[in-house]
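Thanks for coming. I will go through one model this morning, starting with a pocket and ending with a few backbone angles.

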Amino acid sequence: MKHIFIIGSRGYKAKYGGWETFVTKLVDNYNDENTIFHISGLSDEKDKLENKIKDNIITDSFYIKQNGGLKMLLCTIKAFKHYLKHIKSNNVKNAYIYVLGLKLGPLLKLYKSKINKLGITILVNPDGLEHERSKWSYPVKKFFLLSEKWMLFNCNIIVCDAKGIKKYIDSKYPSLRKKTIYIAYGTSKADLSRVNEKEVLEEYNLKKDNYLLMVGRFVPENNYELVINEFMKSNINKKLVIISNLSSSDYYKEVTMKTNCQNDDRIQFINGVYDEKKLSTIRKNAFAYIHGHSVGGTNPSLLEALSLTNLNILYDVNFNKDVGKDSCVYFKNEGSLTKILDNIKDYDRKELGKEAKKIIEENFTWNIIVNKYKHIFRK
């Protein structure tokens, strides 16, 4: 029996962001009776909770008192130590620990002899240049830079979810190339055959092809302020619909005050849509999708947009271009998005959508991604 321990996300089926989507989809699509997944996550309870979801899925939740950026760092460290004890006390053979993000700092080096003695294979997904995220203070950014080196040199396999991340690591750490591989996120074809699309759109006061869509966490590196300002300067006769974690984001309040976007009745905010079929319906019926993410790897929301939305307008960075290629339109400098929006009818949406869906079908289905992981876990 093979045991795969995944740490670094908020947990299985947790409603938050990219890591949580990845963990859930990977596990749900794995389908191997000889593999047991142990997934760590956050809990609001003080005691660790173990919950057997299925015969091959066990979740372990950890309570962390601190709030803010330290919460996930401490949760990952706590889960790592717990799983080392679990592997030793249960004499678990053929164990893998997959660390999502650079949250363990020097622990892989400090515990290296113990890890080797237990025969554990350590995988690290460095995510997308964590030290460049604007939400972190300087000391935290410095920690992530140091953690990057500590963790990458002391793991067995480095999994990059974007070609740009692999290029970065290959260039900065040439000696690690042999153990560095590229495996993207995946996406599934949405089955909306039983969904009343008109009813869903009416629920959110939307009309087919009458809005542009943005989906993602409300953080500076997703360029909401830039997109809102550029949209407000445009003459486009369509809505800008933003679906995000509004109720838990101070940055959302900051941006709305700075841009005065509440005075533009074309802009509509929706506080999180976690029903997959409803969100897919909203994506499918959008005139265009705007993806402002500037830091990170292959983003799940981008893959979902390419699979459903015909016209996709992406922030011009290599992470996005490696995925969207020629099927998308790109913006970056001030004025570029406004120009795209003012001339949006010039784009062949049908042809671009066809090319985007082809990219997904050939590169990013969960069947393709899971098979790549199965190959790793056979080693």
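The lining of the second largest pocket divides into four nonpolar, four polar and four charged residues. Here Ala, Val, Leu, Ile, Met, Phe, Trp, Tyr, Cys and Pro count as nonpolar, Asp, Glu, Lys and Arg as charged, and the others, Gly among them, as polar. This is a predicted model, where local features need pLDDT of at least 70, side-chain atom pairs count only at pLDDT 80 or more, and totals for chains, interfaces and linings use all residues. Residues are numbered from 1 along each chain as its sequence is written, and side-chain values use heavy atoms, with hydrogens and water left out.

Back to the pocket. Its lining consists of Thr187, Ser188, Lys189, Ala190, Leu192, Lys284, Ser307, Leu308, Lys357, Ile360, Glu361 and Thr365. The largest share, three residues, comes from α14. Helices (H or I, at least four residues) and strands (E, at least two) are DSSP runs, numbered from the N terminus. The volume of the second largest pocket is about 230 Å³. A pocket, on a 1 Å grid over the protein atoms alone, is an open set of points where a 1.4 Å probe fits, with protein on both sides within 12 Å along at least five of seven lines; lining residues have an atom within 4 Å of a point. Grid points are joined across faces, edges and corners, and the volume is the space filled by probe spheres set on the points.

Next, the aromatic rings. Rings of Phe, Tyr and Trp (its six-membered ring) pair if their centres lie within 6.5 Å; planes under 30 degrees apart count as stacked, over 60 as edge-to-face and the rest as tilted. That rule gives 19 aromatic pairs. In one of them, tryptophan 19 and tyrosine 185 have ring centres 6.3 Å apart and planes at 80°, so the pair is edge-to-face.

Phenylalanine 218 lies in the loop between β9 (211–215) and α8 (224–233), and tyrosine 251, 33 residues away, in helix α9 (residues 250–259). Phenylalanine 218 is buried at 2% relative accessibility, and tyrosine 251 is buried at 13%.

Which residues do ring pairs link into a cluster? They are Trp19, Phe22, Tyr30, Phe37, Tyr96, Tyr98, Tyr185, Trp366, Tyr373 and Phe377.

Phenylalanine 287 has charges over its ring. Lysine 238 lies over the face, 4.3 Å from the ring centre, and the charged end of arginine 349 sits over the ring at 4.0 Å from the centre. The rule asks for NZ of Lys or CZ of Arg within 6 Å of the ring centre and within 35 degrees of the ring normal.

Now two buried polar side chains. Aspartate 60, in strand β4 (residues 57–63), is buried at 2% relative accessibility. Its side chain makes a polar contact with the side chain of tyrosine 83, at 2.9 Å. A polar contact is a pair of N or O atoms within 3.5 Å; within protein, one must be able to donate a hydrogen and the other to accept it, and residues adjacent in sequence count only if both atoms are side-chain atoms. Threonine 338, in helix α13 (residues 336–342), is buried at 10%. A polar atom of the threonine 338 side chain lies 2.9 Å from the backbone oxygen of glutamate 230.

Last, the backbone. Most residues other than glycine have a negative phi. Asparagine 31 has a positive phi, near 50°; asparagine 31 lies in the loop between α1 and β2 (35–43) and is exposed, at 63%. Asparagine 91 also has a positive phi near 50°. Asparagine 91 sits in the loop between α2 (70–89) and β5 (95–100), and is exposed at 52%.

Technical notes
Buried means under 20% relative accessible area, exposed over 50%, partly exposed in between (1.4 Å probe, protein chains only).
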